[in-house]
Amino acid sequence: MQMTAVRNDIGESSSLEHYVATQANFASIVTAAMGLGTIIVLFGVVVLISCYAQDDYRKILSDLIAVQGSTAAGFILAGVTLYIHCVNVGRTSRKLTVAARLTAMLLLLLAAGFLLQNLFGVTLPSAALPIFSATASAFGAEIHPLAASCFLLIAFILLLHDLRIRGGHYPAEYLAFVLIGLSAIPLVGYLYGISKLTFLRYSAGVPVLSALAFLLMGAALLMARPSHRLMSIIISHAPGGNILRRLLPSMLLLILILNLLVAKGAERGLYSDQLMLPFLTLIDGALVVFAFWRFAGKLDREYGARMQSAAKLAETNSLLTAVSDSTREPIFVKNRQGLLIFANPALLQQVGKTWEEAMYRSNHELFLPEDVGQIDEDDRRVMASGLPETIEQTLHLQHGVFTYQSTRVPWFDKAGNVLGVIGISTDISERKRAEDSLRERETQLEKTVIERTALLRELTNHLETVREEEKRAIARELHDNMGASLTALSMHLESVYKIFPDNDRWQERKPRMQGLMNSLVSTTRRIQTELRPNMLDLFGLKAAITEQLDELAERTGMACKASLPDEDVAIGHEMEIAIYRMLQEMLNNVTKHAKASRVDVILDVDEEQVSLTVRDNGVGIPQERQDNNKTYGLRGLRERATFFGGNVAIRSVPGAGATITIRLPLSPATAA
């Protein structure tokens, strides 16, 4: 039962386009009625003008003069009242309503006065009805009783135009059909040349223009209210309206033509007048049978098409019901006002309401205040842009807080106008909770990694400090103990050299012993310098780099060039030691692997970082060796640089040398 109501609401919403088209059709029909009313008023005005025209113009307007001035006055009142009724459609203005009623009452009084005087010979006193007397004296009161009756019907129709009785009937519509029938009597008389139908036992006949005006007035009175029962049948798109519009004009025209042919045949003596009535009966009967037969055939075809459409619609509705009822994803449709016009059971369960409680409800009535603003904004944005969107929403529902991934698309009619928004939501609450948990774990892991990295850096710094202290201690021991011992030994050997026997064998040993002693002293000094460069402690980084390059050039014969800052380098003792050790490692690699004949060292210090570059013209560094983390030298460089927050960049071309650049950031305190 709930889904039936939902489908009915969808049917009502999908018929919005048809409703808009129907309203536009109604407006055009009312406009046509206003046009007919205007034509009738103009006709009455022309007739009144012709009453005052000169004799020359009277001959030209002889057909119009056949219409009495009093009849023209009635047409003017009727047309003006009809025009006011049409203007007041959809407005219900009290002033217009009162004006229409006053003119209709005036027409009623005039028609009743003319009918009583001309039909029954009743003379009304001028004091009782001054308007009637003025009109009669000005234009004459010779008006046919049929015309007076038609004006009386028009007055009643205008007064009862919007009166509705039990069963949805409007008496004004039936009176309008009576008016059309009365106006058709003299027209048929003129058409067949039967004077009895135009005079109706009265001295003056009904002018043909008056009969046509009454016919148009009857049609205009029906058209002025196209939404009323009988007129809505004629203009509706239902099978009855379509068949009525198609068959009725053609059948009337066909009956008229055949009847004229039968009448002409009798006039020419093809058959006697006594046979004319049987002929008309047979022809009209055949036409009625044909009309009903054709009507039945069209109705059967319309019914068959409707049944096929109904079967397809039932199949589609069944499929829609199965999909919407079985899915666990909330599905909804809203109109432009944001009112819910479709919801599947999943959405109703989400908001905790039945369909009767949720239908045609706004977001303010379905969701909590903290969520309504965002939902309304999303719906308006989708309808304004005309483009689908996938939106993530967190809703505070009665049974908890849930996160949905909602896909919204605009709902268009055939003309491309936006009627509302269609949406389907997916509950991603579990996934969001898992993502939040994973994100929390990632945050905790990052925090742990940062803490462990800081501890490792502190440990590395401590180990590096301990190692440097051990190297300093060893260098001190070498300098203080072994250096002193070697010096004393050299002095003792000098004394020993003096007492060597003066023969060739001892004289040959003397230079060898002196060479070994000098080599031992040089090696000791080199080891001492490598362990703890005295030049770095005494004169700074620039002097230490220069000394190291001089020692490399002396030891290997390579051409060594240094590019150092002009000013003193003040970057902190720990960073100076690190740069010196990294330079030692890079020069050691050049000596062992590069097979170079030239090496350049560039030291650059600015406000933000210190950069050390070593460039050689050797064989280069293969890519696999650059990516090999097991290579102790390059790995040591990266570890030292990472400890200070820096990086190592290697650029190498096979056979064209290699360039290694180390960049270390300077903290504000260090840079100062």
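Okay, let's start with Glu430, which is exposed at a relative accessible area of 57%. Quick note on terms: exposed means over 50% relative accessible area, buried means under 20%, and partly exposed is in between, using a 1.4 Å probe and protein chains only.

Before I go on, this is a predicted model, where local features need pLDDT of at least 70, side-chain atom pairs count only at pLDDT 80 or more, and totals for chains, interfaces and linings use all residues. Residues are numbered from 1 along each chain as its sequence is written, and side-chain values use heavy atoms, with hydrogens and water left out.

So who does Glu430 pair with? Its side chain meets that of Arg433 in a salt bridge, at 2.6 Å from N to O. By salt bridge I mean a side-chain nitrogen of Lys or Arg within 4 Å of a carboxyl oxygen of Asp or Glu. Arg433 is partly exposed, at 42%. Helices here are DSSP runs of H or I, at least four residues, numbered from the N terminus.

Next, Arg225 and Asp162: their closest N and O atoms are 2.7 Å apart, in another salt bridge. Arg225 lies in the loop between α11 (208-223) and α12 (229-235), and Asp162 in the loop between α8 (145-159) and α9 (171-192), so this pair ties together parts 63 residues apart in sequence. Arg225 is buried at 10%, while Asp162 is partly exposed at 48%.

There's also a network of salt bridges linking Glu392, Arg431, Lys432 and Glu435. The overall count is 14 salt bridges.

Terms used. Helices (H or I, at least four residues) and strands (E, at least two) are DSSP runs, numbered from the N terminus.
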